Structures are given as structure tokens and as C-alpha cells.
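Could you walk me through this model as I would click through it in a viewer? I'd like to know what to select at each stop and what is there.

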Amino acid sequence: MFHKNIKLVLATLITVWSVYQFSQGNIMNGISILLLAGIFVLFYFKNEFILLAFLQLRKQNFDGTKKWLSYIKNPEAALTTKQQGYYNYLHGIMLSQTNITQSEKFLRKAVRLGLAMDHDLAMAKLQLAGIAMTKRRKREATTLMAEAKKLDKHGMLKEQMQMMKQQMKKI
């Protein structure tokens, strides 16, 4: 796991090497090396371990997701702010199965740090609404549900919201 700034330094050094190859007349070498530099730039903006953790989560392999997230030792140094948000978001989803208090902590931090996509933010707020409802905080759950509904522009979470509204009536 590289520090986020080391990835940029490596990309810069590889780009310089690519320019050297271009100046020597080795055009294909320069292009290939420039593509290699692009990989480091890509991994600066999209962390490789978070991508692999999302892949495992999509397969519903929670143990694999935990394994890939455990490779990130110091998230503050290794990840950008949005990546830290997704790191906490994934931990919150993983812990929502077992420990809702810890899950709430991670999800709140993810919402505070920010998530790039609105439907991810809506899902995090919906999870927080469910946790608030479990802890008998109906007003907080209602406001979180309203925020999640505003963020869910494509209606992907409509069924979950309907189920939660039905459960809220029982409280």
C-alpha cells in the first residue's frame, strides 16, 4: 500500500522516463511507459483496495471485503477524503450485520467526509435512519429518510423506504 503522494511521485518519474523515451525516438516505448504512469494516476483517484472490496461486496463475500479493507493500514495517509468516506461506508455496511453502534459511527463519518455518488450517500443515510429507528429516535429517522429520498433520484431505494415507513408507523 503506497501513500497517496508516493503514487503521484511515481507517476511523475515514469512520465519523465516516457519523455526521455520519446526524445530518443522510441515512440512505442514512450507510449507504453506513459500508460504505466496513467495506472498510478488512476490509483491515486480510485484506490485499488477499495475497488477490490466493492467487487467482493457485490458478490456478497463479506469476508473477502473485510480482507481487502484490512490491507489499508492508515486510511488518513493513504486515501483522499472521498476515498476515506468510502472506506468508512464499507466498514459501516459490514458492521451493520453485527454491531449497529459501531456501524452508526462509521456511517456518520462517511457522510461527514462525503461520498462521490448520490445513491451511495442515500444508502448511507437510509442505513442511519434504520439504526435511528432501531434505537427509538423517530424524529432523527424521519429527517434522515427525507434526506435519503431527496438523494435517491432514480428510485433505487424506493422499496426499502416504503418498508421503513411501515415499520416507523409501529413505533
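Start by colouring the charged side chains: the protein chain has 26 positive and 10 negative ones, and the centres of the two sets lie 3 Å apart. Here Lys and Arg count as positive and Asp and Glu as negative, while His and the chain ends are not counted; each charge is placed at NZ of Lys, CZ of Arg, CG of Asp or CD of Glu.

Before clicking on, note that this is a predicted model, in which local features need pLDDT of at least 70 and side-chain atom pairs count only at pLDDT 80 or more, while totals for chains, interfaces and linings use all residues. Residues are numbered from 1 along each chain as its sequence is written, and side-chain values use heavy atoms, with hydrogens and water left out.

Now switch to a cartoon of the protein chain. You will see ten helices and zero strands (DSSP runs numbered from the N terminus: H or I of at least four residues for helices, E of at least two for strands). Zoom out, and the C-alpha trace spans about 75 × 30 × 25 Å along its principal axes. The radius of gyration of the protein chain is 21 Å, whereas a compact globule of 171 residues would have one near 16 Å (taken over C-alpha atoms, with the globule rule being 2.2 Å times the number of residues to the power 0.38).

Next, select I50, Y89, L126 and M145, the residues with the most contacts inside the largest nonpolar core, which has 36 residues. Such a core is a set of buried Ala, Val, Leu, Ile, Met, Phe, Trp, Tyr and Cys residues joined through side-chain atoms within 4.5 Å; buried means under 20% relative accessible area, exposed over 50%, and partly exposed in between, with a 1.4 Å probe and protein chains only. The largest share of this core, nine residues, comes from α8.

Stay on L126 and show its neighbours. Leaving aside residues up to four places away in sequence, L126 touches M145, A148, L157, Q160, M161 and M164 (contact means heavy atoms within 4.5 Å).

A second, separate core of five residues is your next selection; A11, I14, A37 and F40 are among its members.

Finish in two loops. Most residues other than glycine have a negative phi. Pick Q60, between α3 and α4: its phi is positive, about 60°, and Q60 is exposed at 63% relative accessible area. Then pick R136, in the loop between α8 and α9, with a positive phi of about 65°; R136 is exposed too, at 62%.
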